[in-house]
Amino acid sequence: GIDFTAFQPRRARADVRAALGVSDAAPVVLMTGVIRAVKRHEIALRAFAQVLARYPQAMLLLAGDGPMRRDMEALVQQLGLGQQVRFLGHREDVPDLMAAADYALLTSRSEGVPQAVTQGLGLALPTVATAVGGVPELVQHERTGLLATPEDENAVAEQLLRLLADPAWARELGRAGQQHVLQEFSLTAMLDKTEALYARLLAQRKSR
């Protein structure tokens with residue numbers, strides 16, 4: 001569970017964007033996580049290339065570092081994405097970055113219940129994520145976010161473009177995602193559910 005009393009932005013959205021050199025008007029997609037094979041940053045970059053064809057001012061921020069960073073930097077150049085993709089490296093201000101972004105993205109081929117998605121939804125960030133592992137417990141398609149087929153850059157691009165085409169709907173999804181996560185995946189909710197489970201087990205044991 002995430003302690004959302006502590007996991008909150010400390011800087012204003014405009015200040016964070018200014019520090020990153022990002023225009024107030026630019027649609028910003030944020031992907032948070034170690035740059036390693038399982039996260040499939042390749043899919044994210046190829047999908048984002050399709051987004052740029054429709055929204056040339058859009059930006060993709062990659063927060064995190066890892067063994068495949070150089071490979072991904074090379075792919076950015078190969079795809080001609082230029083300055084529209086930023087590698088931010090390891091960050092200690094993820095809540096600030098999430099507050100400065102408009103959309104969150106996860107393209108993993110395998111996950112449990114990803115912290116990055118839980119955190120983003122908890123801050124009402126409209127999210128596109130691949131339907132792997134426990135992700136659908138967080139992102140309920142077209143209710144709390146949008147799901148895409150894993151290993152499919154076209155599917156990821158399609159779902160991102162749906163959000164960019166309808167920012168008001170995207171914000172609705174973000175708010176619904178926030179409500180869902182606070183009710184089910186916050187630290188308080190998880191503690192309450194764990195206590196309730198122990199209480200049920202103890203009651204069953206006493207009744208035998």
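Tutor: Two strands are taken to pair if DSSP finds at least two bridges between them, and the strands themselves (E, at least two residues), like the helices (H or I, at least four), are DSSP runs numbered from the N terminus. The model is a predicted one, in which local features need pLDDT of at least 70 and side-chain atom pairs count only at pLDDT 80 or more, while totals for chains, interfaces and linings use all residues. Residues are numbered from 1 along each chain as its sequence is written, and side-chain values use heavy atoms, with hydrogens and water left out.

With that settled, strand 2 (residues 59-63) and strand 3 run parallel and are joined by four bridges, and within this pair Leu-62 stands opposite Phe-87 of strand 3. The pair belongs to an open sheet of six strands, ordered 3-2-1-4-5-6, in which the pairing is parallel. Strand 3 (85-89) and strand 6 (146-148) each have a single partner strand, so these edge strands are left with one side that lacks a neighbour in the sheet. Direction ignored, neighbouring strands of this sheet are turned by 20 degrees against each other on average, the axes being lines fitted to C-alpha atoms, for helices over the stretch in contact, with angles running from 0 to 180 degrees between N-to-C directions.

Leu-45 and Val-85, together with Phe-48 and Leu-105, have the most contacts inside the largest nonpolar core, which has 34 residues. Such a core is a set of buried Ala, Val, Leu, Ile, Met, Phe, Trp, Tyr and Cys residues joined through side-chain atoms within 4.5 Å, where buried means under 20% relative accessible area, exposed over 50% and partly exposed in between (1.4 Å probe, protein chains only). A second, separate core of 32 residues includes Met-59, Ala-100, Val-117 and Leu-121.

Val-117 and Leu-121 are among the buried residues of helix 5. Of the eight residues in helix 5 (residues 115-122), six are buried, so this helix is largely enclosed by the rest of the structure. The elements covering those buried residues include strand 4 (103-106) and strand 5 (127-130), as well as helix 4 (94-100), helix 6 (135-138) and helix 8 (167-184). Helix 5 is followed by Ala-124, whose phi is positive, near 65 degrees.

Conventions
Contact = heavy atoms within 4.5 Å.
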